[in-house]
Amino acid sequence: MERKTKVNAENGKQEIVITREFDLPLELLFKAYVEPEIVEQWMGTKVLKLENKKHGSYQFKTTDAQGNVVFQANGVIHEFVPDQKITRTFEMENSTFPVQLEFLEFEKLSADTSKLTMQIVYKTVADRDNLLRLPFAYGINMAHDRLQAIVNKLK
Amino acid sequence: MNLRRDVFQAIADPTRRAILLLLASQTMTAGAIAANFDTARPTVSKHLQILTECELLKYEQTGREIYYHLNPKKMKEIADYIEPFRKMWDDRFNKLESVMKKYK
């Protein structure tokens, strides 16, 4: 199967570029980043605040079934151009990772397809490498949590 | 010794995954690591021992304290370490796509 999502992390650089082509019109792809209740569905996190405007800010929070906070993040929006781009910071709370800068660019490919390019800039090369390594632990955690949630539903 | 199996056993436990997560960006003493968990300190020590045995963690003794840190070499050896990161985003974007198709 073709890998739709690509991650480009050049050695020694403190940034990564994530690209993805969607079978969605540009407007729908952008909408997925704008409507809090939609963001909640695909990000799997609660959206406490999402102000889609220059100098706006956002806050995400995820709790487990017991109500413990497992993920909390926030950031500030620097640029917001509908159907084109979002520039924002992202900071994971209760972690030692410094804030990162994200450039999201939305492109129309055809009437029914679109592309997202997400450039993430980290404070240092080491921060980037640590963050890339994180899902090794964290991603597996999420997969397990998701699996657990599905298993719980079957009960 | 089947190293691969050992590593996967090591990361199969949520506490051990949480320890790897803690150490992803810093060096910590056993005490500081244990302070992050409700579990008894000997239990955390056991987890640290398992992670050290399969070389995911390394440690240095400084005076009375033992400092733990990730062994990036081993982390890289056992897997293409970008793949889980890519997979995480791929899953997320697949979800986005399926959610948005309902709005078409």
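This is a predicted model: local features need pLDDT of at least 70, side-chain atom pairs count only at pLDDT 80 or more; totals for chains, interfaces and linings use all residues.
Residues are numbered from 1 along each chain as its sequence is written, and chains are lettered from A, with ligands numbered from 1, in the order in which they are written.

**View 1. Chain B as a whole contains six helices and three strands.**
Helices (H or I, at least four residues) and strands (E, at least two) are DSSP runs numbered from the N terminus. Read from the N terminus on, the elements of chain B follow the order α-α-β-α-α-β-β-α-α. Of the 104 residues in chain B, 24% are buried, a residue being called buried if 20 or more other C-beta atoms lie within 10 Å of its own, exposed if 12 or fewer do, and partly exposed in between, with C-beta atoms placed from the backbone. Two residues are in contact if their C-beta atoms, placed from the backbone, lie within 7 Å, and among contacts in chain B between residues at least 6 apart in sequence, 51% join residues at least 24 apart.

**View 2. An open sheet of three strands in chain B has the order S1-S3-S2, with antiparallel pairing.**
Two strands are said to pair if DSSP finds at least two bridges between them. The edge strands, each of which pairs on one side only, are S1 (28–29) and S2 (57–62) of chain B. S2(B) is joined by six bridges to the antiparallel strand S3 (residues 65–70) of chain B, and in this pairing B:Gln61 stands opposite B:Ile66 of S3(B). Helix H2(B) lies across S1, S2 and S3 of chain B and runs at about 90 degrees to S3(B).

**View 3. Helices H2(B) and H4(B) pack against each other with their axes 10 Å apart.**
The angle between H2(B) and H4 (residues 41–53) of chain B is about 70 degrees, where axes are lines fitted to C-alpha atoms, for helices over the stretch in contact, and angles run from 0 to 180 degrees between N-to-C directions. H2(B) and H4(B) are therefore roughly perpendicular to each other, since angles of 65 to 115 degrees count as roughly perpendicular, those under 35 as roughly parallel, those over 145 as roughly antiparallel and the rest as oblique. H2(B) contributes B:Thr15, B:Arg16 and B:Ile19 to the contact, while H4(B) contributes B:His47, B:Leu48, B:Ile50 and B:Leu51. By class, this contact has four nonpolar, two polar and one charged residues, with Ala, Val, Leu, Ile, Met, Phe, Trp, Tyr, Cys and Pro counted as nonpolar, Asp, Glu, Lys and Arg as charged, and the others, Gly among them, as polar.

**View 4. The largest nonpolar core has 24 residues.**
A nonpolar core is a set of buried Ala, Val, Leu, Ile, Met, Phe, Trp, Tyr and Cys residues joined through C-beta atoms within 7 Å. Those with the most contacts inside this core are B:Leu23, B:Leu48, B:Leu51, B:Leu56 and B:Leu57. At least two residues of the core come from each of S2 (15–22) and H3 (125–154) of chain A, and from each of H1 (3–12), H2, H4 and S3 of chain B. Not counting residues up to four places away in sequence, B:Leu23 touches B:Met28, B:Leu57, B:Tyr68, B:His69 and B:Leu70. Another core, of 12 residues, lies apart from the largest one and includes A:Phe22, A:Leu28, B:Leu96 and B:Met100.

**View 5. The contact between the chains takes 31 residues from chain A and 28 residues from chain B.**
On the side of chain B that touches chain A, H2 (14–23) and H6 (83–101) of chain B each supply at least two residues. H6(B) gives the largest share of that side, 14 residues. Sorted by class, the side of chain B that touches chain A has 18 nonpolar, two polar and eight charged residues.

**View 6. Strands S3(A) and S4(A) form a hairpin with six residues between them.**
Four bridges join the antiparallel strands S3 (residues 46–50) and S4 (residues 57–63) of chain A, and A:Lys46 has A:Lys61 in S4(A) as its bridge partner. In the turn, A:His55 has a positive phi of about 70 degrees.
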